[in-house]
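Thank you all for coming. I would like to walk you slowly through one structure today, and I will begin with a question once it is on the screen.

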Number of protein chains: 2
Amino acid sequence: MSTASRSDAGRRVRATDVAELAGVSRSAVSRAFSQTAYIAPETKARVLKAAAELDYSPDTLASSLAKGRSNIVVVVINQVDAIRGPSLHSALIRSLQDSGRLPVVLSLSPTDDGATSLKRHLTFPVEGLIVMSDSVSVEVARHAVPYVRPIMLNFERTSADVDSIVANDAAGIAEMVNHLWDTGHRSVGFMAGRSSSFSSTMRWNALALEIARKGMNLAVEANGEFTYDQAYEAAPALVAGEKLPDAIFCANDVMAFAVMDYLRLNTQHRVPEDVSIVGFDDVFMASWPIYNLSTIRQDIDSMAAAVIAILEHRRDPQTRKFDPPTMVAELVLRGTIGRRTQ
Amino acid sequence: MSTASRSDAGRRVRATDVAELAGVSRSAVSRAFSQTAYIAPETKARVLKAAAELDYSPDTLASSLAKGRSNIVVVVINQVDAIRGPSLHSALIRSLQDSGRLPVVLSLSPTDDGATSLKRHLTFPVEGLIVMSDSVSVEVARHAVPYVRPIMLNFERTSADVDSIVANDAAGIAEMVNHLWDTGHRSVGFMAGRSSSFSSTMRWNALALEIARKGMNLAVEANGEFTYDQAYEAAPALVAGEKLPDAIFCANDVMAFAVMDYLRLNTQHRVPEDVSIVGFDDVFMASWPIYNLSTIRQDIDSMAAAVIAILEHRRDPQTRKFDPPTMVAELVLRGTIGRRTQ
DNA sequence: GACAAGCCTGCACGCGTGTGCAGACTTGCA
DNA sequence: TGCAAGTCTGCACACGCGTGCAGGCTTGTC
């Protein structure tokens with residue numbers, strides 16, 4: 001159609017073009033796309049019609065510049081998140097773009113603490129900085145964008161300089177320990193994650209607390225650094241004792257897979273008849289029949305929603321008051337928890 | 001330190017601030033950061049020193065506006081890419097940001113062809129549009145950003161209106177078929193991917209060609225739609241005949257896992273003693289001991305490099321001539337291919 | 001018919017940066 | 001010392017858009 005061929009030409013359509021076609025001034029075009037500005041209904045209609053014909057929409061970046069308010073949100077991720085990350089990552093991206101923001105992804109190599117790379121790449125005004133990588137410290141995040149409070153995901157709530165969104169892992173773990181207790185489990189082993197990671201220590205603390213509260217026995221522990229390979233290496237230690245723990249609690253799903261694979265390939269122990277396995281995250285492989293893993297799912301949608309809520313609150317602190325969504329950790333009970341009778 | 005506290009204050013540092021501190025005009029600051037502009041060495045040094053002190057770098061977006069040349073590259077992804085995607089996705093993001101560009105991620109829901117959502121979100125000038133989702137058609141991509149040629153990854157090279165980067169799957173498949181032939185395989189089954197996907201048909205065609213060329217027998221085929229669940233459902237059809245195929249070739253790794261799991265959980269057939277399994281992509285689980293999958297790895301780095309090469313070429317068509325990197329598909333031989341004797 | 005009030009529009013400036021252009025200053029040479 | 005050539009800098013405008021402000025027009029009322 002002619003409309004298409006016209007707009008297919010070299011460059012973007014500007015407000016001036018629309019103004020010309022609609023027979024109004026450029027400011028009228030700007031006002032037609034503004035929620036608050038003063039404009040006659042029929043003028044607005046004429047402008048919007050012309051805009052639709054030319055396939056025009058305001059350049060949000062030039063707009064940001066003019067308004068002095070960026071709508072770019074930078075999401076810092078880490079290659080390590082490749083397994084667990086995708087769901088939270090894409091939920092976050094989706095939420096941001098659906099709220100009219102522009103998600104810019106900054107990918108750090110696993111060993112990069114971001115001290116220099118963040119500064120080098122963040123050469124534009126941002127509305128928010130979201131850190132999903134636990135290799136980035138609060139100080140680095142603060143320093144990278146001095147004029148904005150970073151939002152750290154699953155990070156220790158230590159600093160007053162950042163907003164921190166933490167999944168309610170403790171609640172999920174408490175619930176899971178309850179379930180293990182009810183199904184007769186009395187001794188558990190624990191496969192920890194990277195000790196420098198807050199998620200790992202948070203999960204460890206919660207588990208230790210709940211186990212003590214129940215009077216259960218933390219029989220044995222090992223460290224799998226959150227990776228399959230390390231967990232596979234560490235798995236023997238968990239089952240080397242003369243008595244198997246009733247259940248093995250893994251700080252994430254991937255390590256649970258490693259333990260299961262180790263047991264399956266190298267021992268006679270059966271899951272869940274001889275030992276129960278519990279994971280954390282509910283990654284997509286957890287539902288595969290070969291694993292069928294009982295695990296705990298973080299409330300990803302609520303976390304994404306919390307990010308948006310914080311950003312909205314900042315835009316308009318007085319009217320829009322901030323009440324953080326409550327995070328719910330969901331038990332996903334599949335086939336790796338058996339029944340024990342003492 | 002005092003420098004930090006000064007720049008920690010409310011807003012971004014502007015060129016004017018640097019100019020003031022260095023005792024020069026604002027244009028001098030701009031020129032100090034330009035590669036081509038004319039500026040006295042010692043002036044440049046003084047400006048850069050002041051800039052470093054204030055922690056200044058030019059606002060790349062305002063710069064884009066002034067230069068009329070955006071450095072934003074939009075990457076369109078799909079939730080479906082969650083398994084295979086991460087490696088290519090993060091390689092691409094990394095390459096883009098390392099080349100000084102700004103990667104903006106646009107995530108489509110699996111059923112979205114992008115017709116409206118792309119237009120709604122692409123409200124700013126972009127340097128490039130990279131489509132990784134095969135749910136987006138050439139027409140939609142073309143129309144979404146009329147003034148720029150989309151770069152489609154692993155898409156059929158049908159249209160002259162787009163640049164297309166296609167991995168050399170055929171070469172990898174030829175090599176793999178060679179290897180299967182050499183190890184005595186004579187009949188193969190094929191688990192296809194989503195029929196609407198170019199990757200799937202490309203792989204199917206390549207396999208059919210090579211098999212015919214060798215005089216091997218394409219014994220049976222099924223369609224797993226590239227997903228674990230569908231492949232698990234379709235797996236029985238591949239082994240239902242009275243004679244097992246010597247090898248089963250899967251159009252991606254995840255379906256290979258599904259087939260292996262089906263065999264392990266529901267049949268007596270052993271891999272690779274009774275049947276060999278071949279995947280495609282070399283996702284991270286392929287190296288897990290439970291799978292230890294022999295597969296074919298796409299040349300991800302070259303694909304990312306090709307994207308950058310195209311973008312660089314467009315910036316400067318006359319001097320920088322475009323020679324596309326050659327893609328190499330790499331055989332990753334692990335433990336799922338046995339030896340057959342007829 | 002005159003005037004006031006209110007609705008609406010265009011003008012003009014600003015957001016932070018790049019860059020052509022003119023002119024100032026330096027340098028070299030006669 | 002005078003002049004030309006060359007080197008560098010600042011001015012001013014532009015990029016596309018938002019918005020305060022003044023003024024024009026319409027409408028209603030007396």
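Which element gives the most to the surface near DNA strand C? Before I answer, please keep in mind that this is a predicted model, in which local features need pLDDT of at least 70 and side-chain atom pairs count only at pLDDT 80 or more, while totals for chains, interfaces and linings use all residues. Residues are numbered from 1 along each chain as its sequence is written, and chains are lettered from A, with ligands numbered from 1, in the order in which they are written.

The answer is α5(B), which gives five residues to that surface; helices here are DSSP runs of H or I with at least four residues, strands are runs of E with at least two, and both are numbered from the N terminus. DNA strand C is surrounded by 27 residues, and the closest are A:Ser25, A:Thr43, B:Ser27, B:Ser30 and B:Ala66. At least two residues each come from α3 (26-32) and α5 (60-67) of chain A, and likewise from α3 (26-32) and α5 of chain B.

Let me turn to where the two protein chains meet. There, 41 residues of chain B are in contact with 40 residues of chain A, contact being defined as C-beta atoms, placed from the backbone, that lie within 7 Å. On the chain B side, the elements that give two or more residues are α5 (60-67), α6 (85-98), β2 (102-108), α11 (228-239) and α12 (253-266), and β2(B) gives the most, with six residues.

Now to chain A itself, which has 13 helices and 11 strands. Its radius of gyration, taken over C-alpha atoms, is 26 Å, well over the 20 Å that the globule rule (2.2 Å times the number of residues to the power 0.38) gives for 342 residues, so chain A is more spread out than a compact globule. Along the principal axes, the C-alpha atoms of chain A fill a box of roughly 85 × 45 × 35 Å.

Finally, consider helix α11 of chain A, residues 228-239. Its buried residues, meaning those with 20 or more other C-beta atoms within 10 Å of their own, with C-beta atoms placed from the backbone, include A:Tyr228, A:Tyr232 and A:Leu238. What covers the buried residues of α11(A) includes β6 (187-192), β7 (217-223), β8 (247-250) and α12 (253-266) of chain A.

Note on methods. Two residues are in contact if their C-beta atoms, placed from the backbone, lie within 7 Å. The expected span of a helix is 1.5 Å times one less than its number of residues. A residue is buried if 20 or more other C-beta atoms lie within 10 Å of its own, exposed if 12 or fewer, and partly exposed in between; C-beta atoms are placed from the backbone. A residue is near a molecule or strand if its C-beta atom, placed from the backbone, lies within 6 Å of it.
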